[in-house]
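Subject: Structure handover

Hello,

Here is the structure I promised to pass on. Please open it first, then read my notes below.

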Amino acid sequence: QAERYIFLEYYILAEGKLWDRLFEVLRERSAAGVEIKIIFDDFGNITRLSDAMLQRIQDAGIEVQVFNPVHKYVNRIYFNYRDHRKIAAIDGQFAYTGGLNIADEYANIIERFGHWKDSAILLRGEAVWSMTVMFLSMWDYCSGWEEDFDLFRPESMPRLPGSGWVQPYTDTPLDHEKVGQAVYLNMISRARDYIYITTPYLAIEDSMLKALCIAADGGVDVRLMMPAVPDKKIVYMVAETYFGELMRHGVKIYRYRPGFLHAKSVMVDREVALVGTTNMDYRSFQLHHECAVLLYDMSAVEDLFEDMDHIMAESIQVTMGEWKKRSWPRRVLETVLKLFAIWM
């Protein structure tokens, strides 16, 4: 239904049934005069988006920018700076973000690691403009061209009814401020009753580990939900090295039995919540461009709480006894791998 513009920014934009359906809509809207811009990360799309498809996209009148082309930065530190954000902004009226990329496994059209469980959020009202500006800022960065943002500002941004607030934010490695990590630490430190977290990966600094342990020691019900079917087994082995310390302090850890839990979300005291693209690992906190939406006193917080309850109902809790039964070779390998966690 877009009338003016469609902006899409994704780490992965892969060919398949989902993309075929989306491309038909984009091609029709482009033919109707809607301005369409797409940003995708080059590393995230190696082998997943062909040159032929890229040409078809451009032939349809759709503008494309490729973030950080791999061939330009071989053997350079900039190779590790990736655009991990997921943004869809339409007409300044609707915006989406969350863990979902454009690929068939995210919609369970195909099965890669069991059932794929993810989360995303739909924004309307004033918060949409924040997401639109995030996209346009990245577009300027990739293209080297400064767009006039006011050309894309909607004539009206109505305030929707509700007592709470919504705060989209972005995180970039270029300013050396760990915004995403700071938000996580702030939410954890302010919890009074409980903290629920979903993340597919776990490779954290001591500050984050201590924050979770201190919260649990203080009587907060801390629950960490992760996949039972990992997509990267070596990375998951690194995550398990943290389990013992966390469980000793009372943190409850759950494995999502149906498959791969890719959602990146935090819920605190049924008041504050976060849904975004940030994993709990070094790459997301230090090397990737990320984005998220912080919510306070909104109905969506309760929706997220219910969703997390469903995740736990389909999960199995990790026990200290189970964790200690890991073989000695596995423990040694995990310890060695942890030294390289920042690069995983």
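**What I found**

Thr 97 has Ile 121 in E8 as its bridge partner. The model is predicted, so local features need pLDDT of at least 70, side-chain atom pairs count only at pLDDT 80 or more, and totals for chains, interfaces and linings use all residues. Residues are numbered from 1 along each chain as its sequence is written, and side-chain values use heavy atoms, with hydrogens and water left out.

A word on labels. Helices (H or I, at least four residues) and strands (E, at least two) are DSSP runs, numbered from the N terminus. Two strands pair if DSSP finds at least two bridges between them.

Another bridge in E8 pairs Arg 124 with Phe 94.

E6 (residues 94-98) also pairs with E5 (residues 87-90), in the antiparallel sense, over three bridges. Ala 88 stands opposite Tyr 96 there. The hairpin of E5 and E6 has three residues between the strands. Asp 91 in that hairpin takes a positive phi near 60°.

These strands belong to an open sheet of six, in the order E3-E2-E1-E5-E6-E8. The pairing is mixed. E3 (63-67) and E8 stand at the edges with a single partner strand each, so one side of each has no neighbour in the sheet. On average, neighbouring strands are turned by 10° against each other, direction ignored. Axes here are lines fitted to C-alpha atoms, for helices over the stretch in contact, and angles run from 0 to 180 degrees between N-to-C directions.

H1 packs on this sheet and touches E1 (5-10) and E2 (35-41). Contact means heavy atoms within 4.5 Å. The direction of H1 makes about 145° with that of E2.

**Two helix pairs**

H1 (residues 17-31) also packs against H2 (residues 51-59). The angle is about 25° and the axes are 10 Å apart. That makes the two helices roughly parallel. The cut-offs are under 35 degrees for roughly parallel, over 145 for roughly antiparallel, 65 to 115 for roughly perpendicular, and oblique for the rest. Trp 19, Phe 23 and Arg 27 in H1 meet Met 53, Arg 56 and Ile 57 in H2. This contact has four nonpolar, no polar and two charged residues. By class, Ala, Val, Leu, Ile, Met, Phe, Trp, Tyr, Cys and Pro count as nonpolar, Asp, Glu, Lys and Arg as charged, and the others, Gly among them, as polar.

H6 (residues 233-240) and H11 (residues 328-338) pack at about 95°, with axes 8 Å apart. They are therefore roughly perpendicular. From H6, Ile 234, Met 237, Val 238 and Glu 240 take part; from H11, Arg 330, Leu 333, Glu 334, Leu 337 and Lys 338. The contact has five nonpolar, no polar and four charged residues.

**Cores**

A nonpolar core is a set of buried Ala, Val, Leu, Ile, Met, Phe, Trp, Tyr and Cys residues joined through side-chain atoms within 4.5 Å. Buried means under 20% relative accessible area, exposed over 50%, and partly exposed in between (1.4 Å probe, protein chains only).

The largest core has 44 residues. Ile 195, Leu 202, Leu 246 and Met 280 touch the most other members. H5 (residues 206-217) gives the largest share, seven residues. Apart from this core lies another of 27 residues, including Ala 95, Tyr 196, Phe 305 and Met 308.

**A covered strand**

Four of the five residues of E16 (residues 272-276) are buried. E16 is joined to E15 (residues 265-268) by four bridges, antiparallel. Met 267 stands opposite Ala 273 in E16. E16 also pairs with E18 (residues 288-296), antiparallel, over five bridges. There, Ala 273 has Leu 295 as its bridge partner.

**Two residues to look at**

Glu 105 sits in the loop between E6 and E7 (115-117). Is Glu 105 buried or exposed? Glu 105 counts as buried, at 2% relative accessibility. Beyond four places in sequence, Glu 105 touches Arg 48, Ile 110, Arg 112 and Trp 116.

Thr 170 is in E9 (residues 165-171). Thr 170 is partly exposed, at 34% relative accessible area.

Best wishes
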